[in-house]
Amino acid sequence: MDSIHTKGTSFVDNYGRERIFNGVNIVDKCSLFLKKEIYDETWNEEDIINIKNLGFNIIRLGFTWDAIEPEIGVYNEEYIDKIEEIMSICEKHEIYVYLDCHQDLYSNYASCGDGAPKWAVLNEGAKHIKPLAIWAEGYFYSKAVMNCFENFWQNKEVNGKGLIDRYADMWQHIAKRLGNKPNLIGFDVLNEPYIGKNGIKVFTTIIEAAVKLASEDAGYIYKSLDLVKIFKKGTNKEFLTMIAKVCGRFKQKNLFLFFMKRFNSEKGFHEIVTTATPYIEKFDKEYYTPFINKITKAIREVTDNGIIFMENSYFSNLGIPYSAEPVTVNGKREEKVAFAPHGYDIFVDSPLYNYANNERAISIFKEHKNSQERLQMPVIVGEFGGYANGTNWLNHIDFLIDYFNSNKWSLTYWNYNKLLLTPDKKHHFSRPYPQAVCGKIDYFGYDRFSKVFSMNFECDKDYKETKTIVYLHKKVKEIICDCSYNLKKLSDETSQLFIDSPIGKHNLQIQFE
């Protein structure tokens, strides 16, 4: 398979073609909550073929630290063999992979959590909570989650060695085993890093800001709710006390209406969440940047292959500005780095997801666009999406994918589920897109109502050995192109368009049946 690296804000291959990746997450959370290891019980080659048939050409392949290193310094080679086997199946079907070390709530099986092995879970005696409604509640107020992460970021020693140092050793072992697989794109070193003890301050600051700004909009004099004082133990009871206090304030006439107006607008939502920016900026600069530098150094000691994927913190999923610095190793900027932001509407994972709001979502991803421009690196949206009953939420997914396309971003949807294959959902995910372009893409997009795909690109040199490749998700009615081309049939419906690309600017338009 072609090797992939970065150039400016683009992914490029060994021919110099600009590459776009369209894919999905496969993650083995390996927790008591799931009762089994997904890799062993669920995934097989048929699933990879299904992914291929949707037009996906990349997988974010997740595992947990717990699965890799259940005992200190003892690596589960049989489990790593299983990861390698899946990568080989993906290679067989020309699907790229980037590796994700996944965590939710850091873990030791914290209700719905997954991630760290028991020996690395230093919660200082605080108890994990059982969520009342949404699995991620522990991030909002659980002292156990905050203590675990705080001790991790402080590199607290376990058996004479810091937690981050042990984590770096684990990643070095993975990179040594899998780093030179032909279809490996890179390493996503920690899923949604959480900031630790200041998490409660971020949460209460955002809630306070929401009520304060709505009160000012309504013309009320605001009196602080002082929410941070409620959380002494990080329990469900304290969380409910906070909710009651906020609801009590909403008894003021029309205040809730002013809150919803702000909450449902791009500008209003952004103003609310960015009140917590100082906490995230401190974390990104003082903890996350040194952390990813250390992990990168460990990986680069065993392989030069693979892109390092920078993630935003959990709370930046809301669009709080990302402040991490570019990755460096021994004082020199690492060249193979990309930004892999996540973003979800606040209603995700709840029955309200059918009411996901595009205004809120665009405020999140516009902030990620700002981060890309600051960092000057390509983007693959590591996670977005989710599922809900019915189909109303699919319009939200269409909106997001259209926005990603407008930025020439790659993506991996959260997550692979056979629901993606059903007729009412399939056409929202299986779309035409450029997989490899000789030169630089100026624009590409798909109008699902007119069923027209358009692309403009500029070929900068003579690509004698290769062609521009566009994935076509259904039968073609007409192709308008100023270059010669040929079609390669993939299935009864799908095909790939191979275009000869002479030097200069080119236009492509495809009308589907």
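## Parallel sheet

Strand β9 (residues 184-188) runs parallel to strand β10 (residues 307-310), and 3 bridges join the two. Within this pairing, Phe187 has Ile308 of β10 as its bridge partner. Helices (H or I, at least four residues) and strands (E, at least two) are DSSP runs numbered from the N terminus, and two strands pair if DSSP finds at least two bridges between them.

The model is predicted: local features need pLDDT of at least 70, side-chain atom pairs count only at pLDDT 80 or more, and totals for chains, interfaces and linings use all residues. Residues are numbered from 1 along each chain as its sequence is written, and side-chain values use heavy atoms, with hydrogens and water left out.

Both β9 and β10 belong to an open sheet of 8 strands with parallel pairing, in the order β13-β10-β9-β6-β5-β4-β15-β14. Its edge strands, β13 (337-339) and β14 (380-381), each pair on one side only.

## Antiparallel sheet

An open sheet of 7 strands shows antiparallel pairing, with the order β1-β2-β3-β16-β19-β22-β21. At its edges stand β1 (4-7) and β21 (485-489); each has a single partner strand, so one side of each is left without a neighbour in the sheet.

Inside this sheet, β16 (residues 433-437) and β19 (residues 468-472) run antiparallel and are joined by 3 bridges. Tyr433 has Tyr471 in β19 as its bridge partner.

The largest nonpolar core has 131 residues, and Trp65, Leu99, Trp171 and Phe291 have the most contacts inside it. Such a core is a set of buried Ala, Val, Leu, Ile, Met, Phe, Trp, Tyr and Cys residues joined through side-chain atoms within 4.5 Å; buried means under 20% relative accessible area (1.4 Å probe, protein chains only). Helix α7 (residues 163-178) gives the largest share of this core, 9 residues. A second, separate core of 20 residues includes Val437, Cys483, Leu508 and Ile510.

Helix α7 has 16 residues and reaches 22 Å from its first C-alpha to its last, close to the 22 Å expected at 1.5 Å a residue. Its buried residues include Leu163, Tyr167, Trp171 and Leu178. Leaving aside residues up to four places away in sequence, Trp171 touches several residues (heavy atoms within 4.5 Å), among them Phe63, Leu99, Phe187 and Ile299.

## Cavities

The model has 4 cavities of 30 Å³ or more, where a cavity is a set of points, on a 1 Å grid over the protein atoms alone, at which a 1.4 Å probe fits but cannot get out.

How values were computed. Buried < 20%, exposed > 50% of the residue type's maximum accessible area, 1.4 Å probe, protein only. Expected span 1.5 Å × (residues − 1). 1 Å grid on protein atoms, 1.4 Å probe; cavity = no way out; pocket = protein on both sides within 12 Å on 5 of 7 lines; lining within 4 Å. Points joined across faces, edges and corners; volume = space filled by probe spheres on them.
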